Amino acid sequence: MKFAELAASLDQMEATKSRNELVRILSEVYRASVPDELQPITYLIQGRLAPFFEPVEIGLGERLLMTAIGVAYAAPKEEVAKLNRQTGDLGVTAQRLAPASHADSPSVVEVHRRLSQIAAAGGAGSQQQKLDVFTSLLRDLDSASAKHLVRITLGKMRLGIGDPTVLDALSFAKKGDRSLRPVLEGAYNRTSDLGLIARTLWEVGEPGLDALKVRAGHPLRPQLAERLPNPEAVIKKLGTVGVQPKYDGLRVQIHKAGDQVSLFSRNLESMTEMFPELVAAASDLDVDNVILDGEAIAYNPASEEYVPFQETTARRRKEGIQEFAARAPMRAFVFDVMFRDGSDLTPLPYERRFEIVQELIKSSDTLLTAPLMKTDSAEVLTRELLDNISRGLEGVVAKRLDSPYQAGARNFNWVKLKRNTSGQLTDTIDVVLLGYYGGKGKRAEFGAGALLAGVYDTDKDEFVTITKLGTGLSDEGWRAIHKRLANLEVPVKPARVNSNIVPDAWLEPEIVVEVLADEITPSPRHTAGMTGDRPGFALRFPRIVSLRAGDKKPEDATSVREIRQMFEQQQQPGRGRGR
Ligand code: ATP
């Protein structure tokens, strides 16, 4: 496939507002592709060169791209900058300056190869090298291709092709309907690599997807926890549970594959560089291949002091890594194992996996087992919860002892119980910022008076509104948000946003904010959970608790399904929320 053909399809995708249409166009692209093209196409349409978990970055920011555009189209720098101020989109800027058509287009494979060459360039003189390759690539393209190339390079596709849309498109390309979704999703949960999945489906067919197994070095999607309103509800629903402290750190998936150790975050980004002490500890384990799941947190065993993750990162910057590491070194509280020496352990019951964890890390001082206690009593569970909170932990996670590890699933195998500062049991909600309002007075200085926020609809792969946010942030917080908002502002409503409310400015969905609210209420205005005959949901008295540290992608925000469940739980008597 020529890159120009892909660009033409991307233009069609940009023009449609309908998700079904988006899926149809993308499935046509897949149908027209040969196996070698599937990986490049799958990564490129998401503004990447490799799966999300591989830390491959093209490394050309706006400023360098402007230089390249100027050189490629013999336009003075000032002209490029001026045009860019008008268009507000560097892709469109390139498109305006590029020739409308070009005699020959490179193939998608070739474009991917040259971008990979740019990504790989490092060291002295690499910036010029990157620029040269990019400039010559731009010269080989027509205007629509140039637009999409620039957007791919910036990782800002503006198309709204989330992972569920790719999975649907693959299914449509092969079967003409969504029937392959469950098999595709299974493979996706085990490998997190859409490109690999596409290629395998084309080369080997459906059985190939089943054969894509969990393996060390490839992150699997994390098992997630459900919510229940109180300890009584947990025991009633799960019976005997294993109770563990809930650490307020950073989820970490630890992989050891031979000599190679890698760490991945909650949203499967590579974190290997961030925690050398965890890498060293994993290297020392007496096992060839292993995947562990746990929570990374700075912890001082002598004082039993846990340092919350956000504070950990802040302190690191201030104090220097060495000094900090000496006082409260990074640890990982390991609570699960998914793979060991060639065997997929995910089907084993949790109790057995936990024994394996204990065995594996028994001699490490850095990888510690998260203690597990068994109970079938709501009283004991309540005591554990209170005890953990008093020790500075977030709460507890109750786990079904006979449950397998279900990659990517949020279900009642794990249930989280937390307590917020007001003493009521409740949970925070992670919302995505979708727009903002100018604001008056002091806040106007910071450029945002109120924020429009939404949650994620997993089925439709779109963001739907749930609330406006105005309170909870300090002046410093507003300033921090404003800095990040400036880069995300877009002139029109982004493709994947479904909203009946129009803010002063739209934002590309990216920033995830943790909020606490009194209640979830039905709402005729907000689109979260809204269907033909049902109103949406809104948050009552929302306040911002924190800006997430980037460990959640917008798609990892609270889902409409979870909101509906929380709403239903609110309706139950004895829900432990003192109102
Ligand atoms: P989620 O990860 O469920 O989307 P979240 O990131 O807001 O939500 P919480 O809802 O607070 O996190 O709880 C789940 C998280 O708790 C896990 O992803 C993990 O990072 C953390 N955690 C801490 N201790 C444990 C434990 N013992 N077992 C499982 N998870 C734990």
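**Close-up 1. The buried pair D556 and R266 in the predicted model.** D556 and R266 are both buried. They form a salt bridge in which the closest N and O atoms are 3.6 Å apart. D556 sits in the loop between β22 (543-547) and α22 (560-571), and R266 in the loop between β4 (260-264) and α15 (276-283), so the contact ties together parts that are 290 residues apart in sequence.

**Close-up 2. The salt bridge between E562 and R410.** The closest N and O atoms of this pair are 3.2 Å apart. Because E562 belongs to helix α22 and R410 to strand β12, the pair ties together parts that are 152 residues apart in sequence. Both E562 and R410 are buried. R410 is also the bridge partner, in β12, of L224.

**Close-up 3. The open sheet β1-β12-β11-β2-β10.** Five strands make up this sheet, with mixed pairing. Its edge strands, β1 (224-227) and β10 (373-375), each pair on one side only. On average, neighbouring strands are turned by 40° against each other, direction ignored. β1 pairs with β12 (residues 410-418) in the parallel sense over four bridges. Helix α14 (residues 231-238) lies across β2 (241-246), β10, β11 (395-400) and β12, and runs at about 160° to β12.

**Close-up 4. The salt bridge between E394 and K246.** Here the closest N and O atoms are 2.6 Å apart. E394 lies in the loop between α19 (378-390) and β11, whereas K246 is in strand β2; the two residues are 148 residues apart. K246 counts as buried because its relative accessibility is 15%, below the 20% limit.

Methods: Residues numbered from 1 in each chain as written. Predicted model: local features only at pLDDT ≥ 70, side-chain atom pairs only at ≥ 80, totals over all residues. Heavy atoms only, no water. Pairing = 2+ DSSP bridges. Axes fitted to C-alpha atoms, helices over the stretch in contact; angles between N-to-C directions. Contact = heavy atoms within 4.5 Å. Salt bridge = Lys/Arg side-chain N within 4 Å of Asp/Glu carboxyl O. Buried < 20%, exposed > 50% of the residue type's maximum accessible area, 1.4 Å probe, protein only.
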